[in-house]
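Keep the sequence and the structure in view while reading.

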Amino acid sequence: MSNDPSTSSTAEDHQDTISSTTTTTTTPTITTSASSDHSSSLSKAQSTIQSLSTILPSLPPSLASSSNPSRSLLHDHHTASHISSLLRLPDSGAGDNNLCRWLYDTFQSSDNDLQLVVLRFLPIIAGVYLSRVSLRIPIAGFEAVLLALYAHETTTRASQAITVNVPDLSHPSLYHETKAPIKNNSTGLNLAVISPSLEPYGTVRSTRRARIVGVALELYYSKICEMPVQSKIEFCEFCRVWAGEDGEMYKEMTGSSSSSSSTNKRKEEGGKCEVQEDGNDENKEGGSGKAVVGVGMGRIPLPWELLQPVLRILGHCLLCPNQNKELIDKASKACTSLYARSMHDINPKAILATRSLLRLTNTAAKDDNFDPTEIPKSRVISI
């Protein structure tokens with residue numbers, strides 16, 4: 001065996017060369033992959049905007065040329081206003097509606113930013129859809145979009161329920177004095193179900209409708225921090241329509257002396273809230289003078305599977321820090337209407353939830369530094 005130093009040196013140089021070659025070929029591969037993903041996302045967004053231009057001819061040219069077209073489309077007020085107006089038209093939910101087809105295809109693109117664009121219009125889609133169910137008019141276009149959102153959430157959650165572990169209050173705590181023998185599972189946990197398990201649905205039936213829309217709203221809530229303020233305001237407005245109650249008798253619970261800019265007059269007829277339009281109506285579509293829904297047709301059933309995600313969204317609108325003042329006012333009115341509806345229906349669970357939101361809102365309005373998660377410090381024990 002030879003121990004020639006030159007031979008050893010040559011082998012080391014050869015190894016360094018291989019290592020250097022591997023390094024120089026691996027690094028550009030990672031960069032190229034990231035660049036390819038960005039290019040693919042950019043291409044999808046531009047293609048989506050181009051297809052939207054066949055529906056909305058007046059799209060701003062800056063959308064397609066933006067460095068992030070999806071985000072620009074999400075926050076473009078002019079385009080959002082135009083789409084909202086089209087979604088409120090009488091024939092907007094038909095199965096052959098081009099805008100519903102565009103929303104469906106855009107969400108199915110699997111691009112996260114483009115999916116946010118579709119979720120931005122969910123309040124209007126769900127609001128108009130639920131308000132038209134009793135009218136027996138074509139709404140297959142809306143149902144296709146809602147089913148796409150439901151299927152996405154079912155796949156993401158693997159059909160599993162959303163649960164949370166909470167302490168079992170039926171057992172004494174570690175610091176509890178009792179004569180009964182302390183069990184080993186004194187700190188045992190109970191499983192609370194926030195959202196039940198999901199089943200794949202291909203059609204919307206009357207028995208599934210509330211669940212499908214509720215799951216879509218749960219998906220909206222999971223992305224609510226990325227939603228524009230106007231989308232949340234539209235949601236709050238439809239909550240009042242769904243409640244079918246103005247809640248004027250409970251207005252003092254919010255601690256606000258609200259003076260609505262709208263001159264709508266609401267009155268109770270047959271358990272429904274009728275809207276007499278006069279002047280500037282906040283629910284008119286793009287100033288065209290047409291109402292969102294027919295007079296007295298907005299009130300809908302509010303089972304817990306639909307009401308729970310609604311209240312979670314309203315809770316964000318009311319208590320999330322640094323929120324828009326108009327949004328807080330709209331959310332407060334929506335919560336008051338839902339409280340009046342729950343009192344009318346004598347629904348204990350809904351009464352407790354809506355009343356708690358109203359009390360938190362009232363407290364937050366009086367104290368700018370109020371934190372609902374902070375335990376109050378006091379020497380007085382209230383029993």
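Is the crossing of α8 and α9 left-handed or right-handed? The crossing of these two helices, α8 and α9, is left-handed. The model is predicted. Its protein chain has 13 helices and four strands.

**The chain as a whole**

- The protein chain holds 383 residues, and buried residues make up 41% of them.
- Take the contacts in the protein chain between residues at least 6 apart in sequence: 69% of these join residues at least 24 apart.

**Helix α8 against helix α9**

- Helix α8 covers residues 140-156 and helix α9 covers residues 209-222; their axes are 9 Å apart and the packing angle is about 65°.
- Because angles of 65 to 115 degrees count as roughly perpendicular, α8 is described as roughly perpendicular to α9.
- On the α8 side, the contact uses Leu146, Leu147, Leu149, Tyr150, His152 and Glu153.
- By type, the residues of the contact of α8 with α9 are nine nonpolar, one polar and two charged.
- An α-helix has 3.6 residues a turn, so residues three or four places apart point the same way.

**Helix α7 against helix α9**

- Helix α7, residues 122-132, packs with α9 at an angle of about 165°, and the axes are 11 Å apart.
- Angles over 145 degrees count as roughly antiparallel, and α7 and α9 are therefore roughly antiparallel to each other.
- The crossing in which α7 passes α9 is left-handed.
- Leu122, Pro123, Ala126, Tyr129 and Leu130 of α7 are in contact with Arg209, Val213, Ala216, Leu217 and Tyr220 of α9.
- Sorted by type, the residues of the contact of α7 with α9 give nine nonpolar, no polar and one charged.
- Helix α7 is mostly covered, with eleven of its eleven residues buried.
- Among the buried residues of α7 are Gly127, Ser131 and Arg132.

**Helix α11 against helix α12**

- Helix α11, residues 304-319, packs with α12 at an angle of about 145°, with 9 Å between the axes.
- The crossing in which α11 passes α12 is left-handed.
- From α11, the contact takes in Leu307, Val310, Leu311, Leu314, Cys317 and Leu318.
- From α12, the contact takes in Leu327, Ile328, Ala331, Ser332, Ala334, Cys335 and Leu338.
- The residues of the contact of α11 with α12 are twelve nonpolar, one polar and no charged.

**Thr354**

- Thr354 is placed in helix α13, which spans residues 348-366.
- Thr354 counts as buried because its relative accessibility is 1%, where buried means under 20%.
- The side chain of Thr354 reaches the backbone oxygen of Ala350 at 2.7 Å.
- Leaving aside residues up to four places away in sequence, Thr354 touches Leu311, Cys335, Leu338, Tyr339 and Ser342.
- Of these, Leu311, Cys335 and Leu338 also take part in the contact of α11 with α12.

**Asn347**

- Asn347 lies in the loop between α12, residues 325-345, and α13.
- Is Asn347 buried, partly exposed or exposed? With a relative accessible area of 25%, Asn347 is partly exposed.
- Asn347 and Pro303 are 44 residues apart in sequence, and their C-alpha atoms are 9.7 Å apart in space.

Notes
Residues are numbered from 1 along each chain as its sequence is written. This is a predicted model: local features need pLDDT of at least 70, side-chain atom pairs count only at pLDDT 80 or more; totals for chains, interfaces and linings use all residues. Side-chain values use heavy atoms; hydrogens and water are left out. Axes are lines fitted to C-alpha atoms, for helices over the stretch in contact, and angles run from 0 to 180 degrees between N-to-C directions. Angles under 35 degrees count as roughly parallel, over 145 as roughly antiparallel, 65 to 115 as roughly perpendicular and the rest as oblique. A crossing is left-handed if the near helix is turned anticlockwise from the far one by less than a right angle, and right-handed if clockwise. Contact means heavy atoms within 4.5 Å. Ala, Val, Leu, Ile, Met, Phe, Trp, Tyr, Cys and Pro count as nonpolar, Asp, Glu, Lys and Arg as charged, and the others, Gly among them, as polar. Buried means under 20% relative accessible area, exposed over 50%, partly exposed in between (1.4 Å probe, protein chains only). A polar contact is a pair of N or O atoms within 3.5 Å; within protein, one must be able to donate a hydrogen and the other to accept it, and residues adjacent in sequence count only if both atoms are side-chain atoms.
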